[in-house]
Amino acid sequence: MGGNILKISNEQLKEMYLTMLKIRKFETRAMDKFAEGKIPGFVHLYLGEEAVATGACANLRKDDYITSTHRGHGHIIAKGGELNFMMAELFGKENGYCRGKGGSMHIADASKGILGANGIVGAGHNIAAGAGLAIQYKGTDQVCVCFFGDASTNQSTFHEGLNLASIWKLPVVFVCENNGYGISVSQARHQAITDVSVRATAYNMPGVTVDGNDVFAVYEAVGEAVARARKGQGPTLIECKTYRFRGHFEGDPTVYRPSGELEAWLKKDPIPRMENYLKENNIMTEEEIKKMNADVDNMIDEANAFADNSKVPALESALEDVYTDIVEEGRIR
């Protein structure tokens, strides 16, 4: 595994591994529950991309911000989202983050700086620029990390957001999760470039491409970008080359994938890579790893039970929460 990990304590390494496990096991349970018909609507899973959200958010404070995407569960968990409220939201229940009205693609928690996942492709770029402008106006050293996919870099919002952030030197870190596909269209068919990071040149900001399945490489690259942003030196574009193990959405037949592609990427699974590092460097024993896995299994079971036992929103509440300026404990009221 790459990256300068000398700056990371053993406790931080364990916490990063824990975060990756939470994402993997939450998404696996969501996959199963969707198949059982427990989760309405669409579900876009983050399986395989855990190192990106984990490595990036490990550099952030609670008062920093993130913007997310339709594939946002991993980002929210890495930024400290509550598993119980998340699962309840996926189930469409009253006790969910958005009272069951947002669903899989629209989870937010203002108290943790989670400005919301978004079903609109490319919506986060300008929201992030707005957050960066607010930070600059307040004169704090906060930052905003904007997560997005490779296909969204063809959207006008990508160029508008980066252009604005560059001109005004806004404290935004743009993190492209390049999983190789825009739904079913491979990057080679929707872009004439190999590395999305080269687009940073047009906006006079640093651009870097890293192995998105190496949590340390992501941590280091985002850490440098966050440090620049806190110093008022402006935005950075980071491209993380990664891969989604599932289809674009649950139920996607993935017939567009070349034979053997998934199998090749499974060999680069970020979680076994992290586990091997922890064991080889005597940071965690096999027994400690098994216990942490069991602990996370219990967390997911608890979240599942919380969602199962929560109420469905009342019909008369359909027109409530259309607008509010009141946020209580990060949940819209």
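This is a predicted model: local features need pLDDT of at least 70, side-chain atom pairs count only at pLDDT 80 or more; totals for chains, interfaces and linings use all residues.
Is E320 buried, exposed or partly exposed? At 38% relative accessibility, E320 counts as partly exposed. The side chain of E320 meets that of R99 in a salt bridge, with N and O 3.5 Å apart. This pair ties together distant parts of the chain. E320 sits in the loop between α11 and β8 (327–328). R99 sits in the loop between α4 and α5 (124–138), and 221 residues separate the two. R99 also forms a salt bridge with E94, at 3.0 Å from N to O. R99 itself is buried, with a relative accessible area of 13%.

Other charged pairs follow. The whole structure holds 20 salt bridges. Side chains of opposite charge can pair when their charged atoms come close. E50 and R24 give one example, with their closest N and O atoms 2.6 Å apart. Here too, distant parts of the chain are linked: E50 belongs to helix α2 (residues 50–57) and R24 to helix α1, 26 residues apart. E50 has a relative accessible area of 0%, so it is buried. R24 counts as buried at 17% relative accessibility, because the cut-off for buried is under 20%. R24 and E50 also join D269 in a network of salt bridges.

The largest nonpolar core has 71 residues. Within this core, L13, Y17, F26, F147, V175, I238 and M274 touch the most other members. Beyond its neighbours within four places in sequence, F26 is in contact with H73, I77, L83, M86, M87, L90 and I300.

Why is helix α4 (residues 83–90) largely enclosed by the rest of the structure? Seven of its eight residues are buried, so the rest of the structure largely encloses it. Just after α4 comes G92, with a positive phi of about 75°.

Backbone angles deserve a stop of their own. Most residues other than glycine have a negative phi. N204 is not a glycine, yet its phi is positive, at about 55°. N204 lies in the loop between α7 (187–190) and β6 (207–211). With 74% relative accessibility, N204 counts as exposed. T254 is another residue other than glycine with a positive phi, near 55°. T254 lies in the loop between β7 (236–241) and α9 (261–266).

The surface has a nonpolar patch too. L133, L164, I167 and W168 make this patch, which covers about 370 Å². I167 belongs to helix α6 (residues 156–167). I167 has a relative accessible area of 56%, so it is exposed.

Finally, consider the annotated span. An unreviewed UniProt entry carries the annotation "domain: Dehydrogenase E1 component" for residues 20–314. In the model, this span is 43% helix and 11% strand. The C-alpha atoms at its ends lie 35 Å apart.

Technical notes. Residues are numbered from 1 along each chain as its sequence is written. Side-chain values use heavy atoms; hydrogens and water are left out. A nonpolar core is a set of buried Ala, Val, Leu, Ile, Met, Phe, Trp, Tyr and Cys residues joined through side-chain atoms within 4.5 Å. Buried means under 20% relative accessible area, exposed over 50%, partly exposed in between (1.4 Å probe, protein chains only). Contact means heavy atoms within 4.5 Å. Patches are made of residues with over 30% relative accessible area and no salt bridge: like charges are joined within 9 Å, nonpolar side chains (Val, Leu, Ile, Met, Phe, Trp, Tyr) within 5 Å. Accessible areas come from the Shrake-Rupley method with a 1.4 Å probe; for residues, only the protein chains shown count as cover. A salt bridge is a side-chain nitrogen of Lys or Arg within 4 Å of a carboxyl oxygen of Asp or Glu. Helices (H or I, at least four residues) and strands (E, at least two) are DSSP runs, numbered from the N terminus. UniProt positions are given in the numbering used here, feature names are shortened, and annotations may be inferred rather than shown by experiment.
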